Amino acid sequence: MSRLELRGIAKRYGSVVALAGADLIVPSGTLLAVLGPSGCGKTTLLRCVAGFERLDAGEIVVDGRTVAGPGVHTPPERRHIVIVPQEGALFPHLSVRDNVGYGLSREERRSDRVEEVLTLVGLSGYGKRMPHHLSGGQQQRVAVARALAPRPSVILLDEPFSALDAGLRTELRRDVRAALRADEATGILVTHDQSEALSVADQVAVMRDGRVLQSGPAVDVYREPADSWVAAFVGEAVFLPAENGARPGTGGTTLSTALGPITVGEVPAGTSRLTVMVRPEQIRIAPAPVDPVVTATVVGHDFHGHDATVTLHLIDGSRITARVPGHTVPVAAGATVSVKVEGTCQAWRDG
Amino acid sequence: MVTVAVALVPVVYLGVRTAEAGWARIAEELLTVRVAWLALRTLGLAALVTAGCLVLGVGSAFLVVRTDLPARRAFAILAALPLAVPTYIAAFAWRSTLDGFEGFWAAALVLTLCSYPYVFLPVAAALNGTDPAQEEVARSLGRSAWRTFTGVTLRQIRPALTGGALLVALYVLSDFGAVSIVRTDTFTRAIFVAFDLGFDRTGALVLSSVLVMLTMLILAGETASRRRGARYAHLGGVRRVPARLNLARMRWPAVLMLVALAGLSLGVTAVSLTHRMIQGASRPGAWAEVAAAMGNSLSLSLAGAALTMLLALPLGLLSAKAPGPSTTLLDRLAYLSHALPGLVIGLSLVSFGVTLAYPLYQTTWLLALGYAALFLPLAVTAVAGAAAQAPSILDDVARSMGKGPLVVLRTVTLPLTLPGIGAGAALVFLTCMKELPATLLLRPTGTDTLATELWTHTTVAAYAAAAPYAALLVVLSSVPTWLLTARTGILTRESSK
């Protein structure tokens, strides 16, 4: 239950720059997801926070106490920052109870803290088992319980769900989130899975090339990405060129695009050429003309179960994808439909 | 660094002493018809034995792993078991059974029968581990079964093949006991004779240098071929057990062949030892001698194993925990010394002891040093394997849970690695017990071990007196062989997969 602050942390291995001045703030008791492609530096960031790596520059501050910075390097065992690695990494020679109790003092081990955290992760009564008798999901639960047990300042989760199959992953994700919340733990979850980051975390930070490009509540990062790269990384996106015909202003500006008029939140001042980002689920398709009439030709329909994607050919020649609910009756390829964009979109200066 | 120094003392010292002799003297020793014959005979023996081992090893591995041979597990054990028979014991057994069993062909036969497991074990493991999907693809693309075997399967197992062949070739170069017992003049025997009978240390050293160069030549060839072979696909995913070939009418001939092979490689030794044991049991006072030799073997091997493990621990842990170019180099250097014949290591340590470390000469410690130089790679491999049981991520987690490095070592690293390290120590210990040439040269005067007693009795043709030592050594050697065979996985039953 602590506030964690990273100020311009940098780390290089030889000529490879892993972190190039990353800034982050994790408020007390919240879970922040660090999202980025492989090689973006997110695991290095975690290892620096844990204390396994020395910083080249910058500062790591926990509750106002600098644990890493110029001339300061608190060893990992004195940081109260616990890591849950990708593969769980339970101690294979210790029972579940001894694994969970590993970070506790002798007295704490005798208290009911071990059973308490095992209950939090849904494994009460498993204390006597050995790790190799547990399933992959159970091992991850024990790893989370082991990290929660000593009530650390910060908990670091390094892609802890990536080795599990899809159904199990969703369930474990929800349970771990609940367990962290019940313990009011501050956490960082590193992942390359955007739906995991958006669904689990209070805040999302998007990383690329050793820098944090954007951080904020999941909804903001998804709806108002800082640039087209972030937009495409956190979800599917349709990019359209637009004329800045309207006067620059705050809120509710309407731009004209190949998809008809689109409402954008904020328009950069002083430029005429803009790029508008539309999420596929914002595009509505109707067989009958709607007002104002913009038409497109259906190219294909891909069914995914819970939803479907429709590929459309616009009048200006560009090809876009719209997302429709799975129960929508497919429109035959070649048919002409009318399209309309709902909600507010994001616009940036072109280029 | 100390570890590598120990491994390198023999090589460096050998080079220095040989150079000291002066080029004229070296040329005089080397450029003789006798040395040319020695080189030819040694290399010819190595080539013949390697070829024989490849045929026997690959053939039996294929029969055991890839066909519906009856009693496959039993044959797997039988094919691995010759490793448990030190070559000098096999040579002793053959010689004490057949009159006039001497010379080049006798040596080739004994060495082949004893060494083919070096090919059998890795090839069986590789055949067992290759992905049958590649073979299935080849078959589905229209290749015949035979062309699939030569074109795909053999290529997949080539690293195992060359590795095994290398072991055999190096082993033949370094073998001393067997060639001596069947009186075949190879480099090792010539070196020993020059040193032991002629007290000609310079001559022995020069011959040793030539032997070392032959060894390095073979090693270099293998390294070059390995570089070219770095394109074998290791595909992930679930592996299936390869389909077994139906032997049909060839079934019983195959069984007969394997039985005959086992009979030659194991049966002769077993029958001969039993026969001689019965003869020797009546000899008065024999058991007291055997007990004394056993005690000496135990204490010397214990010292050797302790020193070896002490030196191997830092290197093994380092190469497992912090792999990098420097650890790879350390690793390679240690392996270089492994390829050196025990006789050469013994010889250079004798010279080292006489000239530079006289207080050590004729003590247990110089012999222990010799064992360490010989078996360091074995120990390092065991330690590195054990350290892999405690990956560094566990240390990281333990540190992040608030435990200092020493507590982590005590509560996590050591409990996980000690069993593997212990097994490695046992392996080194048993290997020390059956080592012959270095022990002969370096043992303190008057200290007889199981191996040296056997050798002494055999050289004077006292076969009955030698038998108990041979039997004890075979029993002791079967333990590491069993461990090795179990590790290749060819003994696992299908149901457990």
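The dialogue below is about reading the interface between two chains in a predicted model.

Biologist: What should I know before I read this model?

Modeller: Residues are numbered from 1 along each chain as its sequence is written, and chains are lettered from A, with ligands numbered from 1, in the order in which they are written. Because the model is predicted, local features need pLDDT of at least 70 and side-chain atom pairs count only at pLDDT 80 or more, while totals for chains, interfaces and linings use all residues, and side-chain values use heavy atoms, with hydrogens and water left out.

Biologist: How many residues does the contact take from chain B and from chain A?

Modeller: Contact means heavy atoms within 4.5 Å, and here 18 residues come from chain B and 21 residues from chain A.

Biologist: How much area do chain B and chain A bury between them?

Modeller: Buried area is the accessible area (1.4 Å probe) that two parts lose on being put together, summed over both; for chain B and chain A this is about 1,600 Å², with 66% of it on carbon and sulfur atoms.

Biologist: How many salt bridges does the rule find across the interface?

Modeller: A salt bridge is a side-chain nitrogen of Lys or Arg within 4 Å of a carboxyl oxygen of Asp or Glu, and the rule finds 2 across this interface. One of them joins Arg399(B) to Glu77(A), whose closest N and O atoms are 2.6 Å apart.

Biologist: Which helices of chain B each supply at least two residues of the side that touches chain A?

Modeller: Helices are DSSP runs (H or I, at least four residues), numbered from the N terminus, and the two in question are helix H18 (392-400) and helix H19 (405-434).
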